[in-house]
Amino acid sequence: MDIKLMPISKADAKLLYEAWGYNRDNFRYLSAKSQESIEDAVEYINGIVSNPDSLCFHICDRKSGKILGIIKANVEGHRALVGYVVDQAYWSNGVATQALKTLLAVIEGTPKIQRVWATCAIDNPASFKVLEKCGFVREALLKKWIIYPSQGAEPHDNYSYYYQKNA
Ligand SMILES: CC(C)(COP(=O)(O)OP(=O)(O)OC[C@H]1O[C@@H](n2cnc3c(N)ncnc32)[C@H](O)[C@@H]1OP(=O)(O)O)[C@@H](O)C(=O)NCCC(=O)NCCS
């Protein structure tokens, strides 16, 4: 599949919900709670666009324009924490890898970002394979790092990954 990134706007909650927010399986390894309605998608989008420095995009099929997922970098000062979701129907087609490489090109052109990093569950190989295919290097094991609401209240261990910018 060939993808392109499209900017996200606050008005996109219905699009996002119907593209991937509807599917609880997409939330197994997310710190966001799964979405039960378009209203939940509104809350989710408001959360991610509330930081004007952050970079967030729909991942779209280049030909049809269909939304396949989301990719974002939460930017705080010189740090950018990247994350992504692809709808389950499109897993293992290289979608997240292409999307992350495209986002990294944007980050390469953003001088104020100096640390690019990501965390992922130690039992989510699809995610850490995406990171490794894009040049991220595992730097640490973060014990009891994160709670995944769809898995309950227990914190989970995560790997931390670092990406060395070229510029
Ligand atoms: C993680 C996620 C984004 C990957 O998206 P994707 O478009 O399927 O990723 P890609 O196809 O680019 O790459 C996935 C790689 O993992 C591999 N993979 C998938 N499931 C795997 C598994 N259970 N064990 C080992 N490898 C696996 C794929 O074969 C592929 O590797 P390859 O290119 O060497 O064949 C997607 O599974 C997803 O959205 N999951 C739910 C949300 C999530 O976990 N987000 C990340 C939070 S850190």
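Which residues touch the most other members of the largest nonpolar core? They are Ile-71, Val-82, Leu-100, Leu-103, Ile-107 and Phe-136, in a core of 33 residues. This is a predicted model: local features need pLDDT of at least 70, side-chain atom pairs count only at pLDDT 80 or more, and totals for chains, interfaces and linings use all residues. Residues are numbered from 1 along each chain as its sequence is written, and side-chain values use heavy atoms, with hydrogens and water left out.

**Nonpolar cores**

- A nonpolar core is a set of buried Ala, Val, Leu, Ile, Met, Phe, Trp, Tyr and Cys residues joined through side-chain atoms within 4.5 Å.
- Buried means under 20% relative accessible area, exposed over 50%, and partly exposed in between (1.4 Å probe, protein chains only).
- Helices (H or I, at least four residues) and strands (E, at least two) are DSSP runs, numbered from the N terminus.
- Val-82 touches Leu-100, Leu-103 and Ile-107, and also Lys-72, Ala-73, Val-116, Trp-117, Ala-118 and Phe-136, with residues up to four places away in sequence not counted.
- Contact means heavy atoms within 4.5 Å.
- A second, separate core has 17 residues, including Leu-16, Ile-45, Cys-56 and Ile-67.

**Helix H1 against helix H2**

- H1 (residues 13-21) and H2 (residues 38-49) pack at about 110 degrees, with axes 8 Å apart.
- H1 is therefore roughly perpendicular to H2.
- Axes are lines fitted to C-alpha atoms, for helices over the stretch in contact, and angles run from 0 to 180 degrees between N-to-C directions.
- Angles under 35 degrees count as roughly parallel, over 145 as roughly antiparallel, 65 to 115 as roughly perpendicular, and the rest as oblique.
- The crossing of H1 past H2 is right-handed (the near helix is turned clockwise from the far one by less than a right angle; anticlockwise is left-handed).
- From H1, Ala-13, Lys-14, Leu-16, Tyr-17 and Trp-20 meet Ile-38, Ala-41, Val-42, Tyr-44 and Ile-45 of H2.
- This contact has 9 nonpolar, no polar and 1 charged residues.
- Ala, Val, Leu, Ile, Met, Phe, Trp, Tyr, Cys and Pro count as nonpolar, Asp, Glu, Lys and Arg as charged, and the others, Gly among them, as polar.

**Helix H3 against helix H4**

- The H3 and H4 axes come within 9 Å and cross at roughly 40 degrees.
- H3 and H4 are therefore oblique to each other.
- H3 passes H4 in a right-handed crossing.
- Ala-96, Thr-97, Leu-100 and Lys-101 of H3 meet Val-130, Leu-131 and Lys-133 of H4.
- By class, this contact has 4 nonpolar, 1 polar and 2 charged residues.

**Positive phi outside glycine**

- Ser-92 is not a glycine, yet its phi is positive, about 65 degrees.
- Ser-92 sits in the loop between E4 and H3 and is exposed at 79% relative accessibility.
- Lys-144, also not a glycine, has a positive phi near 45 degrees.
- Lys-144 belongs to strand E6 (residues 137-147) and is exposed at 56% relative accessibility.

**Leu-30**

- Leu-30 lies in the loop between H1 and H2 and is buried, with a relative accessible area of 16%.
- Leu-30 and Tyr-148 are 118 residues apart in sequence but 5.7 Å apart in space, C-alpha to C-alpha.
- Beyond neighbours within four places in sequence, Leu-30 contacts Val-85, Ile-147, Tyr-148 and Pro-149.
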